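Notebook open, model loaded. I'll jot things down in the order I look them up.

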Amino acid sequence: MRVTDLPRDDTGCGWINILPPRGAVNRLRGDVTADAIVLGAGFTGLAAARRLAELAPDKRVVVVDAQRAGEGSSGRNSGFVVDLSPLPKKTIGPADIESYRRMHRINTHGIALLRDAIGAHGIDCDWSETGKYHGAAEERHYDVLRTYAAHMAQLGIDHAELDAAALKARLGTAHYTYGVHARGAVMAQPAALARGLALSLPGNVTLLEDSPVEAIDYGPTVRVRGRDGTVTAPMILLAANAFTPDLGQMRHRMMSLTLTGSLTRPLTEAERDALGRPEPWGVLSAHRFGATVRYTADHRIMVRNTAEYWPRKAMDAADLDRRKALHVRGFNTRFPMLPEVTFEHTWSGLVCVSRNLTTAFGRVAPNVFLAACYNAGGVSKGTALGDALAHLALGSDMPLLADALALAPPAWLPPRPFLDLGARLDLARRRRDVGAEL
Ligand SMILES: Cc1cc2nc3c(=O)[nH]c(=O)nc-3n(C[C@H](O)[C@H](O)[C@H](O)COP(=O)(O)OP(=O)(O)OC[C@H]3O[C@@H](n4cnc5c(N)ncnc54)[C@H](O)[C@@H]3O)c2cc1C
């Protein structure tokens with residue numbers, strides 16, 4: 001089958017651009033054979049490849065990516081390595097509690113895998129086990145966070161509720177008036193983390209980058225075809241997240257949203273004084289369409305506050321400029337004490353979502369396996385499920401496999417143009433009351 005769309009991420013990502021440039025990479029050229037193909041070198045594919053190679057050290061794994069490894073969504077996200085996200089529900093019943101616990105087990109497994117890899121390979125990515133904040137600026141949005149705190153209390157998960165004064169003392173901004181500190185999450189520089197994982201793969205993994213897969217022949221052996229070569233193997237693990245439907249799998253089960261963010265230059269000493277010299281932090285909004293904001297270890301501020309249905313997937317410079325105006329607005333309302341600070345980088349990235357906010361995991365043909373669709377929370381979850389997918393593909397058991405296989409499948413979505421209309425209306429409705437959380 002022909003692949004119906006290819007990644008074309010913009011070049012503006014701050015997390016990537018502040019890293020040292022990389023030299024030449026290996027591209028797919030000629031006809032290559034392998035024991036397993038991993039398509040996609042984000043957190044999912046990198047974890048899958050690492051585990052495949054470790055479980056079968058005499059086998060050859062080929063990872064192929066259209067772009068540089070880790071420079072799709074994995075390097076473009078906000079760097080929250082989450083243990084648990086709020087459920088969009090007011091009350092939770094016994095079934096919700098079990099799925100919440102399952103999600104917590106999956107995510108904490110992903111955190112542990114990342115922690116181990118960082119330790120083993122000395123990956124420098126500002127890994128910081130300080131937890132994450134969830135903040136609200138307006139009283140009408142407190143409820144979501146109160147419910148989240150109650151759910152965490154019910155599950156015995158470490159957290160604290162914070163008032164305006166406590167938030168101001170920790171964050172430096174007086175914008176938030178109520179919040180929850182979830183202590184089990186980790187903050188990281190996402191592009192540095194993803195790159196470090198890609199460059200520390202075991203020796204029996206070959207990484208082929210800047211090599212878009214344009215066609216896939218599924219069958220007893222699988223062949224992926226690029227512009228200048230092919231890879232053939234007895235099995236394939238698909239780790240292409242938002243592009244999974246373009247590979248002929250999970251069509252009408254998942255869709256992408258395009259998010260944009262901006263990153264400032266580092267604050268000066270005087271600006272750090274004006275902010276009150278807080279420790280690095282990250283805040284997620286009480287509102288699903290509110291801003292995610294970070295103060296980084298190198299004293300920059302990141303604002304991400306747009307999420308749109310954008311079937312074209314990629315954004316050009318003019319598209320990004322329009323979104324940057326919203327990032328500036330979000331910055332100015334939070335940091336009036338930093339009038340001179342400007343954004344140096346603006347970029348977009350894709351999240352893959354399903355209607356019922358669940359994830360796709362498993363075997364979709366005898367030799368085809370996939371994990372995708374993390375509803376904007378794929379750093380820890382993608383890592384854990386990539387690991388579990390390698391176990392599933394090799395028939396090797398592990399405790400987390402039962403949790404992964406128990407995930408409810410993504411619900412059906414209508415085809416375009418009905419999807420376009422429905423998604424745009426739904427997003428507009430949800431965005432309507434974002435108010436000061438933008
Ligand atoms: C702005 C933004 C903020 C986010 N914030 C967070 C956050 O703070 N915390 C969190 O947990 N999650 C966050 N997410 C979501 C998170 O980034 C994703 O869930 C995660 O990166 C998914 O990892 P993945 O490996 O499955 O997919 P990806 O990182 O998307 O990797 C898939 C790879 O497949 C490759 N590919 C696709 N098609 C082909 C093809 N035909 N040929 C070859 N290669 C192909 C792509 O180039 C890409 O590298 C955010 C996402 C965005 C965009």
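Predicted model: local features only at pLDDT ≥ 70, side-chain atom pairs only at ≥ 80, totals over all residues.

I get 19 C-beta neighbours inside 10 Å, so Leu 201 counts as partly exposed; buried would take 20 or more.

Then I listed what Leu 201 touches. Leaving out residues up to four places away in sequence, I have Ala 49, Arg 50, Ala 53 and Leu 207.

I see α2 lying across β2, β3, β9, β13 (236–238) and β20 (368–372). Against β3, α2 runs at about 170 degrees.

On to the sheet itself. I read an open sheet of six strands in the order β9-β3-β2-β13-β20-β19, and the pairing is mixed. At the edges I have β9 (205–208) and β19 (360–365), each pairing on one side only. From one strand to the next, the twist averages 20 degrees.

I zoomed in on one pair. Strands β2 (residues 36–39) and β3 (residues 61–64) run parallel and are joined by four bridges. Opposite Ala 36 I find Val 61 in β3.

Ligand next. I count 43 residues around the ligand, and the ones that come nearest are Gly 40, Gly 42, Gly 72, Gly 349 and Gly 378. Which elements each supply at least two residues of the shell? My list reads α2 (43–55), α3 (73–76), β14 (255–264), β18 (343–353) and α10 (378–394). Sorted by class, the shell has 23 nonpolar, 17 polar and three charged residues.

α10 made me look at its packing with helix α4 (residues 94–121). The two pack at an angle of about 85 degrees, and I get 7 Å between their axes. That angle falls in 65 to 115 degrees, so α4 is roughly perpendicular to α10. From α4, the contact uses Ile 106, Asn 107, His 109, Gly 110, Ile 111, Leu 113 and Leu 114. From α10, I noted Ser 380, Lys 381, Thr 383, Ala 384, Leu 385 and Asp 387. By class I get six nonpolar, five polar and two charged residues in this contact.

Note on methods: Residues numbered from 1 in each chain as written. Near = placed C-beta within 6 Å. Nonpolar A, V, L, I, M, F, W, Y, C, P; charged D, E, K, R; others polar. Axes fitted to C-alpha atoms, helices over the stretch in contact; angles between N-to-C directions. Parallel < 35°, antiparallel > 145°, perpendicular 65-115°, else oblique. Contact = placed C-beta atoms within 7 Å. Pairing = 2+ DSSP bridges. Buried ≥ 20, exposed ≤ 12 C-beta atoms within 10 Å, placed from the backbone.
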